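Biologist: Please take one part of this model and go through it closely, residue by residue. I would like to know what surrounds it, and how each term is being used.

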Amino acid sequence: MKTLIRTALTVAALATATAACTSTAQTPEPAPLDLSKDVRLVAYSSCDDMLAGLRQKAAENVGPWGFGPGIQPFGAREMMQSDTAMTAKATPEHSTTNVHEAGVDEPDLVKTDGNRVFTVTNGKLRVIDTATKKVTAELELVKQDQPGGFMSGDLLISGDRVLVIYRGGMAMLEKSFAPQMQTAYILVDLSGKPKVLSTVRPQGEHVDARMVGSTVRIVTRSQPDIKFPQPKDRIGEEQLKKINQEVVRQAPVEAWLPKIEITDENGTVKKDSVACERVSHPADYTGTSLLTVHSLDLAQGVTAAGTDPISLAADGDTVYGTGQSLYVASNPRWWWPSGPVMLEDTPVEPPPTPAASPDTASTAQAPAEEPSPTEPTPTATPSATPSDAPPVDPTVSARPTPVIPPEETELHRFDVGQAGAPRYVSSGKVPGRLLNQYSLSEFEGNLRVATTQSDQKTSSSSVYVLKADTLAKVGEVGGLGKGERIYSVRFIGPVGYVVTFRQVDPLYTLDLRDPAAPRVTGELKITGYSAYLHPAGDGRLIGVGQEASDKGRTLGTQLSLFDVSDPASPRRLSQMFQKDSGSEAEWDPHAFLYWPKTGLTVIPLSGYKDNTTGAMVMKVDQSGVSKLGMVKHPKQTQKEYSYQPGIQRAMVIGDELWTVSYEGVQVNDAATLAEKAWIPVT
C-alpha cells in the first residue's frame, strides 16, 4: 500500500505538470510590489513591547476561522550491540547525500559513512554493516502504537552520533482527527550499545536543517498557542473575525514565545521557551508565526544552553545554507489556503456591534493567505466538515472580492560561521516566488535569487543579484520564459541555468560575472523540461525531468545530457526516455545519484506500464547517456495483494550499488547489476 501511495504521488505530480500547461483558472490580480519597504529585522525592546506588537499584528491578520498554516509539511529500547570492530576497517570509497552546497549536509532518509548504512523505518533506527551486509544494531525510538510510530525519519550523522528528525504533522481539529506525531530531534550514540542521549521537542513544525562539521542548524516554525472559541447559533464571518480579534488582543506573551522540551538520557525533562530579547521582527509582519533557529553540536550533545534558540516574527518555508550563511526564505503568503484551527469546547456569543470607527468599520481586509492561481479557491471552511462549520447569518452581506497581496519573497540571512547561536545579518525581498532552495546561491559576496512572478494574465521569471551583507539589489535580468514558470535552477560559480516550461523547455544560460549586469547568453528550446539540473564537469549538465508533446503534455521520465561549454549555444547531446513514468528525483534531488568516477547515474522510477518500477541505472560520459539496466526490489505480499516496492535512494559503496526502499535495502554489483544481498528492514 505504501508503494501505491508513492506511485499515486508521482502520478499526481505529472498530472499537475500537465495541467499547468492548459490551466485557464481566473484569479484576482496581485497588487504591485513596493520594494521601498524596510524589512530589516528589529529586536523587541522588552516583553511588553513584543506582546503589544504581536497582538496588534496578529489581530490584523486573524480570520473568522483562526490562523491558517503557513507552510506544508510532511522511550528507547536497546535491541542489539553495535559492531565496534568495524571502526578498525578501512573505509571503502562511497557516495554521500546529493546536496546543494559541498560541505553542507542535508537531512535524508538514509545515510552512510562507508562502513555503515543508517535507516529509520517504523520507529526504529537500524545500522547495517556494509562488509557483512547484516543489521548490527536496532534501536526503537517510537513505539508502533504511538502517534507517528509508522513514520520514517530523516537523518544526519557525525562519527558515532546520529540525529534522527521526526517531522511533526500540521495542526488538526481536536474533535475530528487523531493526534499527530510531534516534531522531535533524537540524538543517538552508537559508540557502544545504541542509546538515546537526548530528545528535543520544539514547539511547531520542522522546516529544514543544515549541518556543517558536526554543528546542525535547525529551523522550525510555530504559530501562536491561541485557542479560538467555537461559535454557536448563526454568526456571520465578520462577527467571527471580531471575536477572534478580541481573543488575540487578550492573549499573553507566552502564547507566542516558542517552547522547547529537552529530555536527557536519564529521562529528566527540562522545559524552556525562547526569551523575549532573543525574538526579532521585520518592519512588515503578520504576528501569526515565528521562525526559530536551533543550534546543536552532535559531538558535544545538548549542553546546558540547550539548543541556543533565536526567533523571528516571520514566515518561512525554504532553507538554504553555505559554510558561513544560513538563509530562510518566505514565499508569498497567499499561496497557502487557510487550514484547520484548534477550537475550544465553549461556545461564545457574538460581541455587540460597535459604532463605526476607523478601527471597526466593515471595510474588507485582504486575507493573510490566498490560494495559488493554479489551486482551487478554498471554501469558507476549507478543512472542516459540514457538521463542524457554524451556519452563516443570511443577513450578512457578501464579501467583496479579496485583494491578493503583492507576490514577493522575503529573505533573511544569518551568519553561522561561529559556534553557538547564529548572528542575524540582513533581510531583503524580491518580486515573485521561489521554486526551491536551488533558486538561491551565494557566490563571492552576492546572493543570486531566481523567481517567477505571475498573475491571471501572464507570468515571467527573473534572476536578481543581491549583496549578501545587506541583501540590497545589485542587478537583475528578467523576461525569462514569458507565459511560463521556472521548473529548475542551477547556479555553478559565475554561471546560471534556468529552465522554464509551458509547452517547450527553454534552457537559459546566464552570465553572472558582473553582478550589476547579469545577462542571458544562450537559449535552448526542446520539448519537455528538466526539473533538476546537476553539474557533470567539463561543460556538461545533466537534466532530469519529463519529456512532453509539442502541446506540453508530459509523456514520461527523461534524462538529458547538455553541452553548455559554449554559453551562447547550449545543446542537448543525448536523451534517455522512459515512457509513462515519473521519478522522485524530479522533485527531490536527494533521490539522484551521479558517481563521477565511473559515470554511474541512478534515478528512482515509478512506471505505469511494462513493470518499470524500480531504479533506472545509466552511464553518463562526455558523449552521451546509455542505459545499463533496472534494479528492482523483491515483490512484497500483503494478504492477497502483491506489489513492486518503489526505490527511493541509491548509493555507491566500494564496487557495489546499494538501493533503499521502505521495505528494505538491496545490494547489487555496480558493474554487472547482479544481485548480491537483500536486507529487509520493515
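Modeller: A residue counts as buried under 20% relative accessible area, as exposed over 50% and as partly exposed in between, using a 1.4 Å probe and protein chains only. By that rule G539, with a relative accessible area of 25%, is partly exposed. This is a predicted model, in which local features need pLDDT of at least 70 and side-chain atom pairs count only at pLDDT 80 or more, while totals for chains, interfaces and linings use all residues. Residues are numbered from 1 along each chain as its sequence is written, and side-chain values use heavy atoms, leaving out hydrogens and water.

G539 sits in the loop that joins strand 32 (529–535) to strand 33 (540–548), where strands are DSSP runs of E with at least two residues and helices are runs of H or I with at least four, numbered from the N terminus. Setting aside residues up to four places away in sequence, G539 touches F562, D563, V564 and S565, contact meaning heavy atoms within 4.5 Å. P567 lies 28 residues from G539 along the chain, and their C-alpha atoms are 9.2 Å apart. R540 belongs to strand 33 and is buried, its relative accessible area being 15%. Apart from neighbours within four places in sequence, R540 contacts P535, L561, F562, D563, V564, S565, L573 and Q622.

Elsewhere in the chain, helix 2 (residues 47–61) and helix 3 (residues 237–250) have axes that come within 8 Å and cross at roughly 170°; these axes are lines fitted to C-alpha atoms over the stretch in contact, with angles running from 0 to 180 degrees between N-to-C directions. The two helices are therefore roughly antiparallel, given that angles over 145 degrees are so named, those under 35 roughly parallel, those from 65 to 115 roughly perpendicular and the rest oblique. In this pairing R55, A58 and A59 of helix 2 meet Q245, V248, R249 and Q250 of helix 3.

C47 is partly exposed at 33% relative accessibility, whereas C276 is buried, with a relative accessible area of 6%.
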